[in-house]
Structure formats: structure tokens, C-alpha cells
Amino acid sequence: MGMESPEAKKWGLKLPATMSGTSLRLDTFSCSSSSPLSISNLSSPSKTNLSSPSSTSKSSSTCSDRFIPCRSSSRLYAFALLDKPSPVKDNNGVGGGNSINNEAYSRLLRAELFGSDFASPSSSHAGHGSGSGSPSIMSPSKNILRFKTDSCGPTSPFSSPSTLGGHRNELSSDTSTPPKPPRKILDAPSLQDDFYLNLVDWSSQNVLAVTRLCDLGPHDGVCSVQWTKEGSYISIGTCLGQVQIWDGTRCKRVRTLGGHQTRTGVLAWNSRILASGSRDRNILQHDMRVSNDYISQLVGHKSEVCGLKWSSDDRELASGGNDNQLLVWNQHSKQPALRLTEHTAAVKAISWSPHQSNLLASGGGTADRCIRFWNTTNGHQLNYIDTGSQVCNLAWSKNVNELVSTHGYSQNQIMVWKYPSLAKVTTLTGHSMRVLYLAMSPDGQTIVTGAGDETLRFWNIFPSMKAPTPVKDTALWSLGRTQIR
């Protein structure tokens, strides 16, 4: 590195010995998004230009190492000039003449290069000059442009539950625009687009199951998942018809139950009994306190069982099938107490009201599109509404008298309804395929939806509960958990 020229000392810049300070020129111009800012440097050993595109085209410059194609797409916010005094200029762009304040010059240079947001002067310049009107030479370890550390983006307002799948928060990397709330999305690779499966469930211990708990090998697969009410164990229905019980904490299988001949696509727990529905058209009831695979078999559907839900008091079990029937079973008979046939398509979506006993909601498939409300005491249909789309899931809010429905063909939407007025509260969109899976958070405020687009999306749709009731971990394993095998 050679000796510094007198011009370098005069200007406060470290210039090559062959470059004179008189070759520096600053041409100001207004920059728009359609007119990119071009900074050319080292185009000639004796000439350095800061110019507009029009003036640059007149020069014989070749390739530049400081070309910024577009301010809006470049991260210029992360750069700033060093807080060093700058040389003064006269009207001809040459040093000397009537001087201006160094701070004003620095502010002008910042504004021309980076916009008005960066024109504010430094808080202090004391101690930088080496004499009156003559700035000190820059230290070789300093740069004209300094890269600043990015500020941390806002944290997600949603505290994600622990999950057995990968997660993705889609944040914009361009912080030159106002920050946006992160999208609450989880990746769900290979989440199947199958109306008859139930592959997502959210436990009372805030753990989300999305079929990634276990690998059943090349000849079997997961068709349904359902947590116990206390959230410690999870049941899995398989393609070969088995029902497996897993310890969710240790990710260890503790029991395998047989009985079905083909895939087990739906599961439902009450406090003690696990009900499973299958493509073989049967419903089996399993009791973890006994060694038998199942304690009873319910026969009533003429096609695959795709919906199962226990009432909140554990006394009634509602089942929906691909035969368009909605059946209601009680504890005293192996024949259905009610056979409701108003639906004209498969009934997968079923939900019992937590606010009113014997109130059941059900939803029909593509050819039906209706949500129907039933009084299971007498079997009367209380009301119904045509949603315009295949009804895939229903869930009643435990905090307010509202329910949420998810839909498939043709709009793939999520809707919230008031009851009993059936006024639509809101419609949510985002999934690009049928919203086949639905689960609710333990606090009842957030739902998670899944679709064949291989994403799980979180929606905060319900208010908080005023007096939440803790779930007791006593009923299911009243004879001790050592009975599971």
C-alpha cells in the first residue's frame, strides 16, 4: 500500500495514489422505484463517479462492484455512513471556497444515497477532526459503509404447542415494509386428502398429534388418532384394522387391540371406553381395564363408519357413516336408539353441544352440504342450514354457544356459527384443499385445521373461558395403568 496523496488527506478519504480528489463529483437526482440507483466506482484509474443512470451512460464505465439494482428490493436499511466529518465543496464540486457545515454535508449525502430516513445526523462528532476545517484521515480499519446488525423481528403471538411434526413460521424477510404478524402454520408432510380418515388431535396436555408418532412399516399406516381425555395416552387406528394404545410421553406402544377386518378410520374416547369405527361397517367398544380386545360390537351401518362422538355425559354415542345415516346409541342396547336419515351424503362431521344436553349437530358431504341440529331425546330435527360446501368437521365451542365447521368441495373454507340463531360469525380461508381435519386447543380458544395441502393452520376464533374446569386424570385407569399391555 503506497503513501497517501495530499488530496486524500484533504478529503479525508483513502484514495489510490493515481486518483486525484478533483475527479470526485456528486450529481443529485430524484430516484423512483422505476429508476434504479446506480453507484459506479473504479471505472477508470483517474475517475470516480456518483451519478444518475443518464450521466452514467455517457461515461465509458465498464463493470461496477457497487451496483444496487433497486432500493426497494435491496437491504439498504442495514447500511449507514460512518459518523465521520466530510469534506466541504463549492458550487463547482471542488474542495475549497465557501464551506458548509460538516454535519449538514453528511446529512445531505446520507439523504441522497439512502433516502430521507437516513438523513438525521449523528448525536456527536466531537473528537473526529484533526484541525479546524480539516478532517482527520480515516482509519484503514474503517469502511465508508458500515453493515449494521439486523434487529430481531417480533416474536410470534401464538405459543405453539409441542408437536410431533415439523413447524414453519412464514415471516417476511424484507423489514423495509411494516412488520406483519407471523402466520401460524405447521408443516404436515404427506397429510392425506382422504375424507374418511381422522389424522389430527389435540390433547388436554397441549400436545398435537399428526400421525408422526410411529412408523408402522411399509404394509400398514395410520388412519386415525385420538387422545384420552387426560392426555397421557393416544389411540391409533391402522390400515390393517388394529387399534394401538401408545404412551404419548414415552412414545412407546403399550397395547394392541384387534377385532376389525379392515382400516379403522375413526376413534372416540369417553372416560373409560374407546369406540372404534371401521370400513368393515362395525363399531367396537374397548375397555382398557379388561384383557379382551373389545367388550361389545355395534352393528347398524351399511357402509364405512367415518364419524364417532360421545356425549359430554358419556351416556350416548353418535355415529355417522358413508351410508348417509346418523345413528345414536345408548349404554343399554346393541341396537341404535335413533336412526336419523335426513342427510343425503356421508356423515363424518358430528359434535355434541356442551351447553345443552341432548343437542347434537351433524354435517353431510358434498351432495348434502347441510349442518343439521337434533334433539336426541325424541329424534326431532330442530334446525338446519345449507353451507354450500361439503361439511368435513364440526366442533362446538366450550366457552361460548358457537360452533365451527370446516369444509371441502368446493370452497375449502372454515366458518363460525352462532347458536341458536345460526348467524354466520366469520368465514376463514387459507387452505388450498379440503379442510378434512379439525382439533381444538385445551383452553377452547384456538383450533387447528389440516388439509391435503400438507399444512396445519391455527386460528384463534373463540374467547377465553371464564372459569375453566381442570381435567381429572382418574377415570380411565381406575384399576391402575399397569393394566395396559
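This is a predicted model: local features need pLDDT of at least 70, side-chain atom pairs count only at pLDDT 80 or more; totals for chains, interfaces and linings use all residues.
Figure 1. Valine 391 is buried, and its relative accessible area is 0%. Which residues does valine 391 touch, leaving aside those up to four places away in sequence? The list runs to Phe195, Ala349, Gly363, Gly364, Gly365, Arg369, Cys370, Ile371, Thr406 and His407. Have a look at valine 347 as well: 44 residues separate it from valine 391 along the chain, yet the two C-alpha atoms are 8.4 Å apart.

Figure 2. Arginine 369 belongs to the loop between E23 and strand E24 (370-375), while aspartate 386 belongs to strand E25 (residues 380-386), so the bridge ties together parts 17 residues apart in sequence. Are these two partners buried or partly exposed? Arginine 369 counts as partly exposed at 34% relative accessibility, and aspartate 386 is partly exposed too, with a relative accessible area of 40%.

**Figure 3. Lysine 418 and glutamate 402, a link between two strands.** The side chains of lysine 418 and glutamate 402 form a salt bridge, 3.0 Å from N to O. Lysine 418 is part of strand E28 and glutamate 402 is part of strand E27, so this pair ties together parts that lie 16 residues apart in sequence. The two ends of the bridge have their own surroundings. Lysine 418 is partly exposed, with a relative accessible area of 38%, whereas glutamate 402 counts as buried at 11% relative accessibility.

Figure 4. Most peptide bonds are trans. The bond from tyrosine 409 to serine 410, however, is cis, with omega near 10°. Serine 410 is in the loop that runs between strand E27 (402-407) and strand E28 (414-418). Another cis peptide bond connects tyrosine 419 with proline 420, where omega is about 10°. Where is proline 420? Look in the loop between E28 and strand E29 (424-428).

Figure 5. The structure has ten salt bridges. One of them joins the side chains of arginine 279 and glutamate 304, at 3.7 Å from N to O. Arginine 279 is in the loop between strand E15 (273-278) and strand E16 (282-287), and glutamate 304 is in the loop between strand E17 (296-299) and E18, so the pair ties together parts 25 residues apart in sequence. Arginine 279 is partly exposed, with a relative accessible area of 43%, but glutamate 304 counts as buried at 6% relative accessibility. Salt bridges also link this pair into a network with Asp194 and Arg263.

**Figure 6. Arginine 255, a buried residue with no salt bridge.** Arginine 255 is found in strand E13 (residues 252-257). Although buried, arginine 255 has no salt bridge. How far away is the nearest side chain of opposite charge? That side chain belongs to aspartate 293, and the distance is 5.2 Å; a salt bridge calls for a nitrogen and a carboxyl oxygen within 4 Å. What the side chain of arginine 255 does reach is the backbone oxygen of methionine 288, at 3.4 Å. The backbone oxygen of serine 291 also lies 3.0 Å from a polar atom of this arginine 255 side chain.

Figure 7. Most residues other than glycine have a negative phi. Aspartate 314 has a positive phi, near 65°. To find aspartate 314, go to the loop between strand E18 (305-310) and strand E19 (316-321). Asparagine 358 also has a positive phi near 65°, and its place is the loop between strand E22 (347-352) and strand E23 (359-364). Aspartate 314 is buried, with a relative accessible area of 13%, while asparagine 358 is partly exposed at 28%.

Methods. Residues are numbered from 1 along each chain as its sequence is written. Side-chain values use heavy atoms; hydrogens and water are left out. Helices (H or I, at least four residues) and strands (E, at least two) are DSSP runs, numbered from the N terminus. Buried means under 20% relative accessible area, exposed over 50%, partly exposed in between (1.4 Å probe, protein chains only). Lys and Arg count as positive and Asp and Glu as negative; His and the chain ends are not counted. A polar contact is a pair of N or O atoms within 3.5 Å; within protein, one must be able to donate a hydrogen and the other to accept it, and residues adjacent in sequence count only if both atoms are side-chain atoms. Contact means heavy atoms within 4.5 Å.
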